[in-house]
Amino acid sequence: MRLLLVSLFILQSTLIFAISEEAVVRRINITGNQKTKDATIIRELHFTVNERVINPGYSRQLSVDALVNLNLFNLVEVHLQQVHKDSIDVLVVVIEKWYTWPLPFL
């Protein structure tokens, strides 16, 4: 399990540094949200579709920090995938916190 996590981290970090300094966001995909609306997640991202991002790695980190600060998710990952020389696809993976509150039974 640890080896898998470490290899994913290394792969993710190499993808971030491989992306050029300037890119256009072609598509944003969001997975893992059941209660939270897509618009809430997109609102917190530091880029939008068809926007030219000067430093995608830095914008990715700002987006992760903004989503974590919502305190709605246990896990937040933002993956950047370079599609063409100057365009990227964004995959946002979240795992929501539980919203179930136990009720006492008398």
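## Ground rules

Since the model is predicted, local features need pLDDT of at least 70 and side-chain atom pairs count only at pLDDT 80 or more, while totals for chains, interfaces and linings use all residues. Numbering runs from 1 along each chain as its sequence is written, and side-chain values use heavy atoms, with hydrogens and water left out.

## Overall fold

You're looking at 3 helices and 4 strands, laid out along the sequence as α-β-α-β-α-β-β. Helices (H or I, at least four residues) and strands (E, at least two) are DSSP runs, numbered from the N terminus.

Of the 106 residues, 31% count as buried; buried means under 20% relative accessible area, exposed over 50%, and partly exposed in between (1.4 Å probe, protein chains only). The accessible surface comes to about 7,800 Å², with 61% of it belonging to carbon and sulfur atoms. Those areas come from the Shrake-Rupley method with a 1.4 Å probe, and for residues only the protein chains shown count as cover.

As for contacts (heavy atoms within 4.5 Å), take those between residues at least 6 apart in sequence: 58% of them join residues at least 24 apart.

## Salt bridges

Side chains of opposite charge can pair when their charged atoms come close. Here the structure holds 4 salt bridges, each defined as a side-chain nitrogen of Lys or Arg within 4 Å of a carboxyl oxygen of Asp or Glu. One of them joins Glu22 and Arg52 at 3.3 Å, N to O. Glu22 sits in the loop between α1 (2-18) and β1 (23-31) and Arg52 in strand β2 (residues 52-53), so this pair ties together parts 30 residues apart in sequence. Glu22 is partly exposed at 39%, and Arg52 is partly exposed too, at 43%.

Then there's Asp89 with Arg26, whose closest N and O atoms are 2.9 Å apart. Asp89 is buried, with a relative accessible area of 10%, whereas Arg26 is partly exposed at 36%. Salt bridges with shared partners join Arg26, Arg27 and Asp89 into one network.

Arg43 also pairs with Glu44, with 3.5 Å between the closest N and O atoms. Arg43 is exposed, at 57% relative accessible area.

## Ser63

Ser63 lies in helix α3 (residues 56-69) and counts as buried because its relative accessibility is 0%. Setting aside neighbours within four places in sequence, Ser63 is in contact with Glu44, Leu45, His46 and Phe47.
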